[in-house]
Amino acid sequence: MSANSSTVGQRLLQGPVCIGWKQDLEGAVYHLANCFLLLGFMGGSGVYGCFYLFGFLGTGYLCCVLWGWFDACSLDIVLWSFLLTTACLLQLAHLVYRLHEDVLPEEFELLYRTLCLPLQVPLQAYKEIVHCCEEQVLTLATEQTYAVEGETPINRLSLLLSGRIRVSQDGQFLHYIFPYQFMDSPEWESLRPSEEGVFQVTLTAETACSYISWPRRSLHLLLAKERYLSRLFSALLGYDISEKLYGLNEKLFAKFGLRFDIRLPSLYHVLGPAAPDPGPESTEDEEDVHQAAGSPPRATPTKIRQTPPCSPPPAATDPPAAASRARMSRPDSGVLGEDSSSLVLEDFEEVSGSESLMDYRSDGEYMR
């Protein structure tokens, strides 16, 4: 081992063993080949970086084949350069095949750039979502219903790609669904995977619409298997439902023009269920009945207590609120931004317990 290392050292120190250096430089093809190889090894990563790398390397090795065939006249140079050129061409063909395989339909490509790319969703994860809906784009004609209240089962989750959907309940307009919003996110979140139910609203296409739909069972299986996709859908559905709630909140107006927040307790008292409030006379009658039934008869005391004179009752300046309040006309559709079916808090005026809200001018006064 030491003898071999000493021999190599002696050869390096003694200089090259060549008898004589060539006086003529190699041809232009040789130098061009090295220039292409230099540019090729400066390539980056990724798909397009690999295109750059193997493109320049293949061109450089092809120049080496030409140089070995015409100038060097060496068979080994020609063979090795040809093998390297073939390997680069095969790599380029594989990259082209991968790019062609990764191409998505136009609708899904636009959906990825609009909805998933801002969230930095990997393309491979997005492909699993697209594969779950079988890459099918469904359509709705104008005035065609997607779901009918009380009839259509909740067995899928859909996302609107184009057009506009009108949501109504008992013929009352609620809100619109616009492109890249889920069409049935509240229904999806209202049921567990093992439960079944039907739509509580009617969804009608106001224009020609296109949408994608995931079968409920297949999507549940995918989300159970992929935790990242489960968190992604949870965030998207939560945002979509909150947008729908705030859209309904924009349609709530008090009769004096103030807007209320659906999260405040004041509106909860109006919209929430309230027990009927018995009148004072009925309460006193019930107390008298309980006293008469439960207590034994008492002797009437002989001492008479002198009571102070009662002041006359105040004049009734205002009749009862429920009887005197005249329902104001709804604001024009231009003010609400919708049609005349927009919700007004006056609709809840007859609900028991609503006087606590209507007697205040704003939510701030009610909270104080």
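Q: Which residue takes a positive phi in the hairpin of S4 and S5?
A: Asp-170 does, with phi near 55°, in a hairpin that has two residues between the strands. Helices (H or I, at least four residues) and strands (E, at least two) are DSSP runs, numbered from the N terminus.

Q: What kind of model is this, and how are residues numbered?
A: This is a predicted model, in which local features need pLDDT of at least 70 and side-chain atom pairs count only at pLDDT 80 or more, while totals for chains, interfaces and linings use all residues. Residues are numbered from 1 along each chain as its sequence is written, and side-chain values use heavy atoms, with hydrogens and water left out.

Q: How many residues of S4 are buried?
A: Four of the five residues of S4 (residues 165-169) are buried, where buried means under 20% relative accessible area with a 1.4 Å probe, protein chains only.

Q: Changing topic, in what order do S1, S7 and S3 lie in their sheet?
A: They form an open sheet in the order S1-S7-S3, with antiparallel pairing. S1 (138-140) and S3 (156-162) stand at the edges with a single partner strand each, so one side of each has no neighbour in the sheet. On average, neighbouring strands of this sheet are turned by 35° against each other, direction ignored; axes are lines fitted to C-alpha atoms, for helices over the stretch in contact, and angles run from 0 to 180 degrees between N-to-C directions.

Q: How many bridges link S3 and S7?
A: S3 and S7 (residues 209-215) pair in the antiparallel sense over six bridges. Ser-158 has Ser-213 in S7 as its bridge partner.

Q: Which helix packs on that sheet?
A: H8 (residues 216-225) does, touching S3 and S7, and its direction makes about 65° with that of S7. Contact means heavy atoms within 4.5 Å.

Q: At what angle do H6 and H9 cross?
A: The axes of H6 (residues 123-132) and H9 (residues 227-249) cross at roughly 75° and come within 11 Å. H6 and H9 are therefore roughly perpendicular to each other, a label for angles of 65 to 115 degrees.

Note on methods. Two strands pair if DSSP finds at least two bridges between them. Buried means under 20% relative accessible area, exposed over 50%, partly exposed in between (1.4 Å probe, protein chains only). Angles under 35 degrees count as roughly parallel, over 145 as roughly antiparallel, 65 to 115 as roughly perpendicular and the rest as oblique.
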